[in-house]
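Please open the structure in your viewer and keep the selection panel at hand. This tour moves from one selection to the next and says what is there at each stop.

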Amino acid sequence: MNAIALTDVSKSYGEVRAVNGMDLTMEAGRTVALLGPNGAGKSTTINMLLGLIRPTAGRIRVFGRTPDQAVAAGDIGAMLQEGTLIPELTVRELVDFVRRLYPDPLPLDQVLQMADLTSLASRRSDRLSGGQTQRVRFALAIAGSPKLLVLDEPTAAMDVESRRAFWESMRAYAAQGRTVLFATHYLEEADENSDRVIVVARGKVVADGTAAQIKAGAGGSSVEFSLGGQSSAGLDALPGVTGVTILSGTVTLRTADVDATVAALYRKTTLDVRDLRIGGVDLEDAFLALTKSAEA
Amino acid sequence: MLNYVKLEATRMLRNKRYIIFVVAFPVGFYLLYSNLWGNQVDQATGVRASVSLMVSMAAYGALAAAIMSTAVPWSQERQSGWLRQLQITPLPSWMIIVTKMISSLLLVLPALLLVVLAAVLTQHVSLPVGEWAALIPIMWLGTIPFAALGLIIGSLVPPDTAQPLAIIGMFGLALLGGLWFPIDMLPQTMRTIAHALPSYDYASIGWEIVAGHTPPASAVAGILGWAVALCALAIYAYRRATARV
């Protein structure tokens, strides 16, 4: 059974279509990134999945049930974009309260440990830093041991170090056979922490696959070298090349097949190739290309 | 549910505003007033001022506790995202408002009982057992309309507005209900308004009990009417505030 199934789901606010005919299925046990720019419809999709808002049209199922039923059964835990805690209560009190709402929660100590909160357990929530608050919100999301964990831009308020620690916690939770869906507009995060990336733009899925497939779909990798004064003729005809840009003596070739392009560059041209650099096209470029074509 | 009630009670007992308005004020004023006028005796009823003041200040404290433990906290929870956090757990939606009501009733008790305790300890107030047994439960459950009013405020407006509204509501009801001074001292129009308020009915029942009378049917009907109307409105406002669209 799919963990999540959205069939032709739309959500309109007056004239604005926040989500526009979204089709999406997700198997249980995977970690999937919902990647897209601000305003792409990620949060709207997530809020519909959690039953917080109702779709204008279409059908949503979570483990074969409606979102409301899945929430009531304790199948879902989520970390929403905003949210402050009750200031007068301690971390332990908050986490323990939420975990007791679920039918089959994780042990309190384990939740605190997984969210790296053991040493902060007796601190009042109004005395936490931004990053610490996010960790508590993560703890609240996993406390009930939900089968599906949903995270809406969870690292938005974190510094680099907190981010790394956060994703480690997330992976540890996912490793126990859970399904994780997270929204992000950080491309690196999608690449590093998911085994499938769904790119969303303008309320629709515009690409779906592994991070590598997404990159390939948008023009693969790049090969860069110094051309100096040499002629650039014929570079666009090299195997695999999908685009050539030259900027102050440096050539960047976009290629769908980096090995073939590099081999040909040395064997089939007489160019003096210097400072060769091969880059994955970063997901950023792939992402821009994909979301741009959705807008066109 | 118990878990949730405990959470709500814990957080309010740590809230400074609750402690000051709800516990310190009524007890403090009782001590002050009863020291000034405690031994005066009402000619009409023969009740000592230390006793009627006990009812007035307990009524004020209970009313304040009912409104302060509901309006602003609930409004803040809606705005801060805590409500959404609860909505994505298995906690049923109706349980939130029921818990708020039960917690509010619990949080009324310290205000009510501390004033009574202060009266008994400092003014040696003593009432027949039957009067105590009628007074305390009625003054306790009589706060239901005020808690409902607090929930209505919390459901309808953001915290910035809920705060002044709650304070105006609390002092307005206390003042016009005759909890601070007898409403006979007010001009006629305000007296008419006062008679229509739940706080006047609420306190009247208490004053009548300590005077040894059966509470007037009009006051009992008044408070029941207010309770039904405000609870219905609170449920409506709650459903509107938590509607998922």
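How many residues does the contact take from chain A and from chain B? Colour the chains separately before you look, and keep in mind throughout that this is a predicted model. The contact draws on 30 residues of chain A and on 21 residues of chain B.

**Stop 1: chain A as a whole**

Select chain A, in which there are 10 helices and 13 strands, and whose C-alpha atoms fill a box of roughly 70 × 45 × 35 Å along the principal axes. If you colour residues 2-215 and residues 219-280 separately, you will be showing domain 1 and domain 2 of chain A, whose centres, taken over C-alpha atoms, are separated by 41 Å. Chain A has 296 residues, and 50% of them count as buried. Among contacts in chain A between residues at least 6 apart in sequence, 67% join residues that are at least 24 apart.

**Stop 2: the surface between the chains**

Now show chain A and chain B together. The size of an interface is often given as the accessible area lost when the parts come together. Here the area buried between chain A and chain B is about 2500 Å², and carbon and sulfur atoms give 61% of that area. On the side of chain A, select Leu52(A), Glu88(A) and Phe97(A), which lose the most area to chain B and together account for 27% of what that side buries.

Turn next to the polar links, where 10 residue pairs, with both residues at pLDDT 80 or more, are in polar contact between chain A and chain B. Three elements of chain A give two or more residues to the side that touches chain B, namely helix 2 (67-72), strand 5 (76-79) and helix 3 (91-99). Which of the elements of chain A gives the most to this side? That is helix 3 of chain A, with four residues. Taken by type, the residues of chain A on this side divide into 17 nonpolar, six polar and seven charged.

**Stop 3: salt bridges across the contact**

Side chains of opposite charge can pair when their charged atoms come close. The structure holds 19 salt bridges over all chains, and the count between chain A and chain B is two.

Select Glu93(A) and Arg14(B), whose closest N and O atoms are 2.7 Å apart in a salt bridge. This pair crosses between chains, from helix 3 of chain A, where Glu93(A) lies, to the loop between helix 1 (2-13) and helix 2 of chain B, where Arg14(B) lies. Glu93(A) has 26% relative accessibility and so counts as partly exposed, while Arg14(B), with a relative accessible area of 32%, is also partly exposed.

Then select Glu88(A) and Arg11(B), whose side chains meet in a salt bridge with an N to O distance of 3.2 Å.

**Stop 4**

Arg100(A) is exposed, with a relative accessible area of 52%, whereas Asp96(A), at 17%, is buried, because buried means under 20% and exposed means over 50%.

Move on to Asp116(A) and Arg135(A), whose side chains form a salt bridge of 3.8 Å, N to O. Asp116(A) lies in the loop between helix 4 (108-114) and helix 5 (130-142) of chain A, and Arg135(A) lies in helix 5 of chain A, so the pair ties together parts that are 19 residues apart in sequence. Asp116(A) is partly exposed, with a relative accessible area of 48%, and Arg135(A), at 25%, is partly exposed as well.

Returning to both chains, select Glu88(A), Glu8(B), Arg11(B), Glu77(B) and Lys100(B), which salt bridges with shared partners join into one network.

**Stop 5: one residue of chain B**

Finish at Ile19(B), which you will find in helix 2 (residues 16-37) of chain B. Is Ile19(B) buried or partly exposed? With 34% relative accessibility, Ile19(B) counts as partly exposed. Leaving aside its neighbours within four places in sequence, Ile19(B) is in contact with Leu13(B) and Ala24(B).

Terms used:
Residues are numbered from 1 along each chain as its sequence is written. Chains are lettered from A and ligands numbered from 1 in the order in which they are written. Side-chain values use heavy atoms; hydrogens and water are left out. Domain bounds come from an automatic or database domain assignment. Contact means heavy atoms within 4.5 Å. Buried area is the accessible area (1.4 Å probe) that two parts lose on being put together, summed over both. A salt bridge is a side-chain nitrogen of Lys or Arg within 4 Å of a carboxyl oxygen of Asp or Glu. A polar contact is a pair of N or O atoms within 3.5 Å; within protein, one must be able to donate a hydrogen and the other to accept it, and residues adjacent in sequence count only if both atoms are side-chain atoms. Ala, Val, Leu, Ile, Met, Phe, Trp, Tyr, Cys and Pro count as nonpolar, Asp, Glu, Lys and Arg as charged, and the others, Gly among them, as polar. Buried means under 20% relative accessible area, exposed over 50%, partly exposed in between (1.4 Å probe, protein chains only).
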